[in-house]
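Please keep the sequence and the model in view while reading.

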Amino acid sequence: MSVFAGLPPSRWFAALKRAWLLYHLGDPRFRFMWDAAPENEWVALDCETTGLNTRTDDIIAIGAVRIRDNRIMTSERLELLVRPEKRRLSAESVRVHRLREQDVAQGISADEAMMKLMYFIGSRPLVGYYLEFDLAMINRVLFPMLGMGLPQPKIEVSSLYYDYKFQQLPPHAQGSGAIDLRFESLMKDLDLPVWSAHDALNDAIMAALAFLKLRQLRAG
């Protein structure tokens, strides 16, 4: 009898996909990322990079913090400086994130950073603002290690915010697209603190704050 017998189609497909991915996983030490996630836990994530090209630029800092229920667990955080493999820091990138060549030269390798990040995340869903970019940078490093990218569910803060604001628009304005999704605007509209931007941990914590506030607003 199939191990999937009795499951509804959606769960059957998810179980089959999980089994296929685990079979092809390049490093079996990381099977735990496919475990059931701890209930009401997430990880907010942000990266700083040498630029915005996901094919040629490098990660130079990673910040992550765990969220549990309605609390941001700042005592359970991850801050990593990452030594770039290919790209030197331009003057423009230093102005953005204030990390210099001598700073990142003390960082760990990208592969070591990925190992630490995977153990920190576990199977928890990921939260972030413009998370697609961060994951593209992370997954580029992970593919040679695992043969795949991070498998956890992803929650995009700007999408949550868009849905929340869209529901507040009158019908005649719902096709206008007039919702400001810039991070600073989003934070101010949610009456949340805006800290120094382009610091990986600060950005991760602010994304976590926005996520929790939007969950509260949507539940109310």
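The model is a predicted one. Its five strands form an open sheet of mixed pairing, arranged in the order 3-2-1-4-5. Strand 3 (71–81) and strand 5 (154–156) each have a single partner strand and stand at the edges, so one side of each is left without a neighbour in the sheet. From one strand to the next, the twist averages 25 degrees.

Strands of a sheet pair through backbone hydrogen bonds, in either the parallel or the antiparallel sense. Here, strand 2 (residues 59–68) pairs with strand 3 in the antiparallel sense, over eight bridges. Within this part of the sheet, Ile67 stands opposite Ile72 of strand 3.

Two helices may be considered next. Helix 5 (residues 131–146) lies across strands 1, 2, 4 and 5, and runs at about 75 degrees to strand 1 (41–49). Helix 8 (residues 200–219) lies across strands 1, 2, 3, 4 and 5, and its direction is at about 35 degrees to strand 2.

Which residues of helix 6 are buried? They are Val157, Ser158, Leu160, Tyr161 and Tyr164. Seen down the axis of helix 6, these buried residues fall within an arc of 160 degrees, and therefore line one face of the helix. Their cover includes strand 4, strand 5, helix 7 (183–189) and helix 8. As to its length, helix 6 has 12 residues (157–168), which at 1.5 Å a residue should span 16 Å; the end C-alpha atoms are 17 Å apart, in agreement with that expectation.

How values were computed. Residues are numbered from 1 along each chain as its sequence is written. This is a predicted model: local features need pLDDT of at least 70, side-chain atom pairs count only at pLDDT 80 or more; totals for chains, interfaces and linings use all residues. Side-chain values use heavy atoms; hydrogens and water are left out. Two strands pair if DSSP finds at least two bridges between them. Helices (H or I, at least four residues) and strands (E, at least two) are DSSP runs, numbered from the N terminus. Axes are lines fitted to C-alpha atoms, for helices over the stretch in contact, and angles run from 0 to 180 degrees between N-to-C directions. Contact means heavy atoms within 4.5 Å. The expected span of a helix is 1.5 Å times one less than its number of residues. Buried means under 20% relative accessible area, exposed over 50%, partly exposed in between (1.4 Å probe, protein chains only). The arc is that of the directions from the helix axis to the C-beta atoms.
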